[in-house]
Amino acid sequence: MRGLLLLCGVVLIQLLAAQTDAQGSKSKWQTLTGFSPRVIARGGFSGLFPDSSIDAYNFAMLTSVEDVVLWCDLQLTKDGAGICFPGLTMSNASNIEAAYPNRTNTYLVNGVSTQGWFTIDFSLKDLNKVNLIRGILSRSERFDGNGYSILTVQDVNTELKPQGLWLNVQHEAFYAQHNLSMTTFLTTASKTVIIDFISAPEVNFFKKIAGRFGREGPIFVFRFLEKETFEPTTNRTYGSILSNLTFVKTFASGILVPKSYVLPLDDKQYLLPSTSLVQDAHKAGLEVFVSGFANDVDIAHDYSYDPVSEYLSFVDNGNFSVDGVLSDFPISASASVECFSHMGRNATKKVDFLVISKNGASGDYPGCTDLAYAKAIKDGTDVIDCSVQMSSDGTPFCSSSIDLGNTTMVAQTPLRNRSTNVPEISSLGGIYTFSLTWPEIQTLTPAISNPYRTYNMFRNPNERNAGKLVSLTDFLNLAKNSTSLSGVLISVENAAYLRENQGLDVVKAVLDTLTETGYTNITTKKVMIQSTNSSVLLDFKKQSRYETVYKVEETIRDILDSAIEDIKRFASAVVIVKSSVFPDSEGFVTEQTNVVERLQKSQLPVYVELFQNEFVSQPYDFFSDANVEINSYVTGAGVNGTVTEFPFTAARYRKNRCLGSKETPPYMAPVQPGGLLQVMNAASLPPAEAPNPVFTDADVTEPPLPPVTAKAPTSTPGTPSEPSTNAPAPSGQTRLTLSLLLSVFPMAIASLLLL
């Protein structure tokens, strides 16, 4: 009960918010019943808390649709007690190995010799010494020290009083071999516990329990395993049984299948055309439930790492809707069903904030390419951005990095010999934009950014080298011809170095290009000039009337009034990083700063970067869901805009139906900063970190930009860099980077590995 009381007091989600009853949805669904799909919480909120723990179940109920169904993997102890535990053997999700180090055993399970700690070797009293822990190592271990007890089915019923309870019986035949009867337990338990669903992958089990329950008894659901696997009681493969759904209807009212049964994937993790399974099952009178939903696992590249997009492809694709989804993150499933379904691309905005792209839709295509910008516009972004770089012949163009080795396949071309050392820019050598002419740069093949390749997460590999780099002129013309865009953001960095050392005036180049493309006369498109340098923005402000945006790269905990006043002299908006709003420690949000509030109080809109869909980019507090994260920044912290590599996710979020509700449902409430820390055992808390700095006026003040210095002529565009074995490793997030200090052959190999 300790964990339950703690969690109830945490209020990670606004617990007083009105629940939205999924079954009350007025929209006509393409489910068998016409009601909205059910949300089934596998082991509760098992994506965060240990599977089948009291907090996992309680949190699922607090953050999901009102009629969320709690899933219990039913196991039997040697004295016949029914417990909720995710596996037949117990070492993976409990500390039983430490509690009983010498009580392993070996049994045949479906004909396979299996060693481990089996539930049938322990009484319920024995298991009082055993606690639940995470079963998936990629998830946080911070809740393992909470001492979660193993729950019986009766515990779940009496302590939680769920609206729906689903018992999954995975190994009935195994228990029967050891003189334990699932049938007896279920019929006895049903006298005191309301069991809504019973699933199993064994045909004979359903024949045994047929007629044991009254007309108001549970719904029987036949669980399909992988198609090549043999069903143990008929000796037929599940794929074979799938071809005869009328047979399944004789003993079950529904089927539970893996995602691939409905939407298969090819060998590159892209979607294949959907099967007809859902329609065929509905014709046979069977409901279809789908398993395998978790926000923190790889999903089809088609979804751009957005779990809501995946849910919608199963429940609201225009052709069919499954009848329920089994999820480790029921908050995302709930929001998908109740908030994002039946929305349509032309839905009106329910909340107003700017969606600003980061190098276009760079999560889907190589950044700053024609394809990335086209997709950003199509996806509903308000402002597309161009990080301006300069070629050696003075052409301004868009590229996310001044080092072409970070954004193109230049290392595999003869231009790799243009590598130079520029300490003012980087301690590593690079092939810089100012070492190549614009015609040379146009020959380069762009490369998609893979910031999380160390986690084996890659973006849209089929399009990893698609598109072409665009000049600032082309970028501005593209934006000018778009009717949906409200403006452009032009980012300018390294201006002082380019003036002093390369004879290139990026400020003048940008202003001239804006004039040439007619932006001085356009009133329908806002032009935003962004820089981390106050000197750059002051220069623009002296020469134009464009909106200027000051970017604070550092993570800060506060900002002085004097610094704000200095910023207001040259900027009309501010960009800050996410951790300056919600600082975190080892993946957990610790608090919310007042930086946004202080800036807005001085009439400075605040835009926040960088939003990404990959779950590893987000603290655990956002439940591995970019939509939860965006919601917490927009409705929680009240930011004025998001800078994102995945504009579609942010643009769709602001149209979701729940934002227009009179009362916010719990699955669309912002998280409470620091809430998860309150649930942890004190010994498990992440270590306290040194406080982030306060931003002062000294951080703002800079000398004015130097005058343009004519560049001395050279015989070659660049001086080859010397190898170095002591170059420091890059800090921060892992980025797509080439070490141009290597010899030619290793460079080519390295560039291939990055894709």
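1. A salt bridge here is a side-chain nitrogen of Lys or Arg within 4 Å of a carboxyl oxygen of Asp or Glu. By that rule, Asp364 pairs up with Lys375, with the closest N and O atoms 3.5 Å apart. Asp364 sits in the loop between strand S16 (354-357) and helix H13 (370-378), while Lys375 is in helix H13, 11 residues apart.

2. Quick housekeeping: this is a predicted model, where local features need pLDDT of at least 70, side-chain atom pairs count only at pLDDT 80 or more, and totals for chains, interfaces and linings use all residues. Residues are numbered from 1 along each chain as its sequence is written, and side-chain values use heavy atoms, leaving out hydrogens and water.

3. Lys375 also forms a salt bridge with Asp379, and there the closest N and O atoms are 2.6 Å apart. Who is hidden? Buried means under 20% relative accessible area, exposed over 50%, and partly exposed in between (1.4 Å probe, protein chains only). Asp364 has 7%, so it counts as buried; Asp379, at 8%, is buried; Lys375, at 23%, is partly exposed.

4. Now look at Asp561 and Arg598, whose side chains meet in a salt bridge (2.6 Å, N to O). Asp561 belongs to helix H19 (residues 561-568) and Arg598 to helix H20 (residues 595-601), 37 residues apart. Asp561 is exposed at 52% relative accessibility, whereas Arg598 is partly exposed at 23%.

5. Zooming out, the structure holds 27 salt bridges. Arg42, Asp51, Arg139, Asp296 and Asp328 are linked in a network of them.

Conventions: Helix = DSSP H or I, 4+ residues; strand = E, 2+ residues; numbered from the N terminus.
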